[in-house]
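Please work through the exercises below with the sequence and the structure open beside the text. Each task is followed by a solution that goes step by step.

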Amino acid sequence: MENSLIDLYRQFNIAMAADDVAALDKLLAPAFTLTHMTGYVQPRSEWLAQVANGQMHYFSSVEDQVKVEPVAAMQWQITGQNRVTAEINGGARQVWPLKTVMLIEQIAGKLQIVQAVVTTY
């Protein structure tokens, strides 16, 4: 199971770095939220719309480390550290050392990302 969970984490980062909204749409649970390092809790639809329109533009994501921990039956936490190159809200392109803590659940037989909380490291 751990390999499947790490693969899901990596698929998320690959899709994000490619601004691939269709791939992200498949990985995220309907109630997904993304908590930014500012503390803003962004709903799934708003974040995907901003990725689609280029307001949140990602270029690359280089993984430094990732670990998986069980939380409950059919629920896991993934903590990863990636250096993400992004341009946010038309600002300068920058490399961000981001720590992402994801909550993953098995929903209707499929692993989905329910929540992601991002801070710097």
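This is a predicted model: local features need pLDDT of at least 70, side-chain atom pairs count only at pLDDT 80 or more; totals for chains, interfaces and linings use all residues.

**Exercise 1.** Classify the ring pair formed by Phe12 and Trp47, and state where its two members lie.

*Solution.* The structure holds three aromatic pairs. For Phe12 and Trp47 the ring centres are 5.9 Å apart and the planes stand at 25°, so the pair is stacked, because planes under 30 degrees apart count as stacked. Turning to location, Phe12 belongs to helix 1 (residues 2–17) and Trp47 to helix 3 (residues 44–52), so the pair ties together parts that are 35 residues apart in sequence.

**Exercise 2.** Decide whether Phe12 is buried or exposed, and do likewise for Trp47.

*Solution.* The cut-off needed here is that buried means under 20% relative accessible area. Phe12 has 4% relative accessibility and therefore counts as buried. Trp47, at 0% relative accessibility, counts as buried.

**Exercise 3.** Which residues form one aromatic cluster, and which ring has the charged end of Arg93 over it?

*Solution.* The cluster is formed by Phe12, Phe32, Trp47 and Tyr58. The charged end of Arg93 sits over the ring of Phe59, at 3.7 Å from the ring centre.

Notes. Residues are numbered from 1 along each chain as its sequence is written. Side-chain values use heavy atoms; hydrogens and water are left out. Rings of Phe, Tyr and Trp (its six-membered ring) pair if their centres lie within 6.5 Å; planes under 30 degrees apart count as stacked, over 60 as edge-to-face and the rest as tilted. Helices (H or I, at least four residues) and strands (E, at least two) are DSSP runs, numbered from the N terminus. Buried means under 20% relative accessible area, exposed over 50%, partly exposed in between (1.4 Å probe, protein chains only). A charge sits over a ring if NZ of Lys or CZ of Arg is within 6 Å of the ring centre and within 35 degrees of the ring normal.
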